[in-house]
Amino acid sequence: MALFPASMSAMTAPAPDVLLAGIHKAADDVASDVAKLGDEDVTAPSALPGWTRGHVLAHLTGISNAMARQLEYAARGETIELYDGGMQGRNRAIDMTAGHDAATHLTDLKAALDRVLRAFDVLPGVKDSSANGTGWWAPISYRGGVVLDGGLALWRELVIHAADLLTGRGPETWSRPFCEHLFDFLAARVPAEDKLVLQPLGLPPVSIGGGNRSTVVSGMITDIAAWLAGREPTLGSLRASAAADGVDLPALLPWPAGTPAPK
């Protein structure tokens, strides 16, 4: 088996130990933020159209349990669909549990986070798993990839949805490694005719997309990452430039095929 599956072959992924630390931090941040919410807070709107904070919390609980199940089956050499009942089952579960009170949301979320963190924490070291397609490289059904893909997905979900909760942990708090991962992962959102030259302030440029229409997108790294992720840049630094002055930012495609967007 190749070191990286096809879904990650073009990506620069963090090493598993770095990723694991990122997942733990993201889980701690979300749990800390949710612990401060009261019943009225969870019924308030989130940053996602049509979703309350309760919907976001129900989704975070669901994706954490779903990814834990991916790893639990992978440890037995088996695969299983991400959600019971597929995306329809996912949506039903969110609708059924979004209206829970704050204490129930916190209890359910912490249990789901504990479950998925345990599943990642017991994975063998990289040297013990890469050669045999086990551990971090065990196959899972998510994106037809491996456990490492699942870890990256969980990292994205926890970090991005922490911002969607509108508790003060916006995209401006995203780390450089996380933003650089989004540059890789969300390159699939660039239309075929476009090429984007991402120019984070004070950092080397990154080109994504292979089209003939080139646009330079400059700004703070967190603002660029937020825009790529379909979120509102918070620092107001985003600029686009091309051969003609005053060019608008290009419209992006939906999230990569086969990947539930963070909503």
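Modeller: Start with Asp33. This residue is buried, with a relative accessible area of 6%. Buried means under 20% relative accessible area, exposed over 50%, and partly exposed in between (1.4 Å probe, protein chains only). The model is predicted: local features need pLDDT of at least 70, side-chain atom pairs count only at pLDDT 80 or more, and totals for chains, interfaces and linings use all residues. Residues are numbered from 1 along each chain as its sequence is written, and side-chain values use heavy atoms, leaving out hydrogens and water.

Asp33 meets the side chain of Arg169 in a salt bridge, 2.7 Å from N to O. The term means a side-chain nitrogen of Lys or Arg within 4 Å of a carboxyl oxygen of Asp or Glu. Arg169 lies in the loop between H7 and H8 and Asp33 in helix H1, so the pair ties together parts 136 residues apart in sequence. Helices are DSSP runs (H or I, at least four residues), numbered from the N terminus. Arg169 is partly exposed, at 24% relative accessibility.

Helix H1 also holds Lys25 and Asp29, four residues apart, about one turn of the helix. Their side chains form a salt bridge (2.7 Å, N to O). Asp29 is buried, at 16% relative accessible area.

Another bridge joins Arg115 and Glu72, 2.8 Å from N to O. Arg115 sits in helix H5 and Glu72 in helix H3, so this pair ties together parts 43 residues apart in sequence. Salt bridges that share partners link Lys25, Asp29, Asp33 and Arg169 into one network. The structure holds 10 salt bridges.

Definitions and conventions
Helix = DSSP H or I, 4+ residues; strand = E, 2+ residues; numbered from the N terminus.
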